[in-house]
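Here is a quick tour of the model you have open. Have a look at it first, then read on.

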Amino acid sequence: MKLKDSKTFSNLARAYMAECGARSRYEFCEYGFRYNGYEAIATLIDKIAYQEFNHARVLYMKLQDAEMKMIDNIDVCAGFPFKEKWDLLTNLQLLCQDELDEAKAYEEFEQTAREEGFDEIADIFKMIRDVEVRHARVFEELYNQMKDKSLYKKAKEVAWICPACGYVSFDKQAWETCPLCQAKQGYCDVKLPEDLYI
Ligand SMILES: [Fe+2]
Ligand SMILES: [Fe+2]
């Protein structure tokens with residue numbers, strides 16, 4: 001079967017659209033966090049948005065490989081999420097949900113690609129799915145920490161590093177403003193479980 005005539009071809013286009021949408025929604029949320037002084041979370045979301053852009057790029061390249069001539073148009077009929085517009089906390093919950101929904105779709109796309117004999121594309125779907133599951137865990141972690149107000153307050157002493165000037169303090173709680181450069185607390189790096197750093 002030629003890729004152009006396969007279900008996998010339209011799944012690539014669907015996935016591409018989903019990644020582009022995800023990137024934009026994440027940037028909307030990033031803006032909200034930065035606007036409210038949560039610089040460190042905004043930077044983290046920015047990183048994830050950039051990873052979504054690169055997922056889109058990989059999928060786009062695969063679509064381009066399917067045809068030797070210019071692809072004028074691909075009709076894509078699918079549903080895409082449009083949920084994020086609420087408060088910061090709710091948005092984190094929605095971002096997590098979107099990632100899990102995407103991961104589920106990728107599982108289906110992977111299976112279809114295998115059935116159609118496109119193993120290389122199936123592997124790409126699988127790798128992206130694994131990243132989306134990690135993204136979901138990051139958003140879930142941020143949601144939990146924000147909800148129980150433990151973003152900058154821990155049970156044990158930890159190192160709080162100011163990304164603006166490099167000042168480090170060891171304490172249960174992060175500084176309100178950095179004693180060295182006066183950066184606000186929201187600049188201070190948030191703590192994620194070790195296997196979740198992105
Ligand atoms: Fe993605
Ligand atoms: Fe993601």
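## Helix H4

Start with the residues of H4 that are buried: Ile-121, Ile-124, Phe-125, Ile-128, Arg-129, Glu-132, His-135, Val-138, Phe-139 and Leu-142. Buried here means that 20 or more other C-beta atoms lie within 10 Å of the residue's own, with 12 or fewer counting as exposed, anything in between as partly exposed, and C-beta atoms placed from the backbone. An α-helix has 3.6 residues a turn, so residues three or four places apart point the same way. The cover over H4's buried residues includes helix H1 (7–35), helix H2 (39–65) and helix H3 (88–115).

H4 itself covers residues 119–147, 29 residues in total. From first C-alpha to last it reaches 42 Å, close to the 42 Å expected at 1.5 Å a residue (the expected span being 1.5 Å times one less than the number of residues). After H4 comes Lys-149, with a positive phi near 55°.

## About the model

This is a predicted model, where local features need pLDDT of at least 70, side-chain atom pairs count only at pLDDT 80 or more, and totals for chains, interfaces and linings use all residues. Residues are numbered from 1 along each chain as its sequence is written, while chains are lettered from A and ligands numbered from 1 in the order in which they are written.

## The whole protein

The protein has four helices and two strands, running α-α-α-α-β-β from the N terminus. These elements are DSSP runs numbered from the N terminus: helices are H or I with at least four residues, strands are E with at least two. Along the principal axes, the C-alpha atoms fill a box of roughly 65 × 25 × 25 Å. Of the 198 residues, 29% are buried.

## H1 against H2

The axes of H1 and H2 come within 8 Å and cross at roughly 165°. Axes are lines fitted to C-alpha atoms, for helices over the stretch in contact, and angles run from 0 to 180 degrees between N-to-C directions. That makes the two helices roughly antiparallel (over 145 degrees; under 35 is roughly parallel, 65 to 115 roughly perpendicular and the rest oblique).

## Around Cys-162

Cys-162 sits in the loop between strand E1 (153–161) and strand E2 (168–173). Is Cys-162 buried or exposed? Cys-162 is buried, because 22 other C-beta atoms lie within 10 Å. Leaving out residues up to four places away in sequence, Cys-162 touches Tyr-167, Cys-178, Leu-180, Cys-181, Ala-183, Tyr-187 and Cys-188; contact means C-beta atoms, placed from the backbone, within 7 Å.

Methods
Contact = placed C-beta atoms within 7 Å.
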